[in-house]
Amino acid sequence: MITRFRAEITTAAATALFGLGIVRGALEFGIGWDSSGPQPGAFPFYTGMLVTLASVATVGLTIVRRVAGSAQLQEHFLDGERARRVASFVLPLFAFVVLSMTVGMYAATILYLVFAMRFQGHYGWLPTLATALGAAAFFYLALEKFFQIGLLKGPIEPLLGL
């Protein structure tokens, strides 16, 4: 079982690493000023620094609260039942990402919505299929046709002439 203390420290450490990654990337674009104003990396640099500093402050505050004997930090954050609930949310999203890369974004959207609505939400087949197909059609029309943003295509879209 994971305690709240461990969860807070781990999350803060992960966001600190994320912030440091932003800072490192921003340095490649320059963070100073030139004749036209701030260089492209200035805003991401300061944003990354803010995220990193806030994460370090969270680690410090959490440690101080633990030393002070905060009972809240000793509570179970993730037990078996909660882990199953989190997994029932995260694993389908992971499958959606993998399916998007293999069968394309629109087919993955349909499959994800059918799974989420029918098998997790227990909706009937008609509303499930109507929502899944309608959402995929909406995304296709809005993104591909209106905004002209191409999404991942798989082997199914060319067969449909999309």
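**View 1. Ser100 and the residues it touches.** Leaving aside residues up to four places away in sequence, Ser100 touches Met105, Ala108 and Leu152; contact here means heavy atoms within 4.5 Å. This is a predicted model, in which local features need pLDDT of at least 70, side-chain atom pairs count only at pLDDT 80 or more, and totals for chains, interfaces and linings use all residues. Residues are numbered from 1 along each chain as its sequence is written, and side-chain values use heavy atoms, with hydrogens and water left out. Ser100 sits in helix α3, residues 80–103. Helices (H or I, at least four residues) are DSSP runs numbered from the N terminus. Is Ser100 buried or exposed? With 4% relative accessibility, Ser100 counts as buried. Buried means under 20% relative accessible area, exposed over 50%, and partly exposed in between, using a 1.4 Å probe and protein chains only. The Ser100 side chain also reaches the backbone oxygen of Phe96, at 2.8 Å.

**View 2. Helices α1 and α2 side by side.** Two packed helices are described by the angle between their axes and the distance between the axes. For α1 (residues 4–29) and α2 (residues 42–67), the angle is about 160 degrees and the axes are 7 Å apart. Axes are lines fitted to C-alpha atoms, for helices over the stretch in contact, and angles run from 0 to 180 degrees between N-to-C directions. α1 and α2 are therefore roughly antiparallel to each other, a label for angles over 145 degrees.

**View 3. Two residues of α2.** Ser55 is found in helix α2 and is buried, with a relative accessible area of 5%. Which residues does Ser55 touch, not counting residues up to four places away in sequence? They are Ala12, Thr15 and Ala16. Leu53 also lies in α2, but Leu53 counts as exposed at 53% relative accessibility. From Leu53 to Ala142 the separation is 89 residues in sequence and 39 Å in space, C-alpha to C-alpha.

**View 4. Helix α5 against α4.** The buried residues of α5 pack against α4 (105–120); among these buried residues are Thr128, Ala132 and Tyr140. Across the pair, α4 residues including Tyr106, Leu113 and Phe119 meet α5 residues including Trp125, Leu129 and Phe139. The α4 and α5 axes come within 9 Å and cross at roughly 150 degrees, so α4 and α5 are roughly antiparallel to each other. The crossing of α4 and α5 is right-handed. How far apart are the end C-alpha atoms of α5? They are 30 Å apart, which agrees with the 32 Å that its 22 residues (125–146) should span at 1.5 Å a residue. That expected span is 1.5 Å times one less than the number of residues.

**View 5. Two loop residues with positive phi.** Most residues other than glycine have a negative phi. His122 is not a glycine, yet its phi is positive, near 60 degrees. His122 lies in the loop between α4 and α5 and counts as exposed, at 64% relative accessibility. Just after α5 comes Gln148, with a positive phi of about 55 degrees. Gln148 is found in the loop between α5 and α6 (156–160) and is exposed, with a relative accessible area of 67%.

Terms used. Polar contact = N/O pair within 3.5 Å; in protein donor to acceptor, adjacent residues only side chain to side chain. Parallel < 35°, antiparallel > 145°, perpendicular 65-115°, else oblique. Left-handed = near helix turned anticlockwise from the far one by under 90°.
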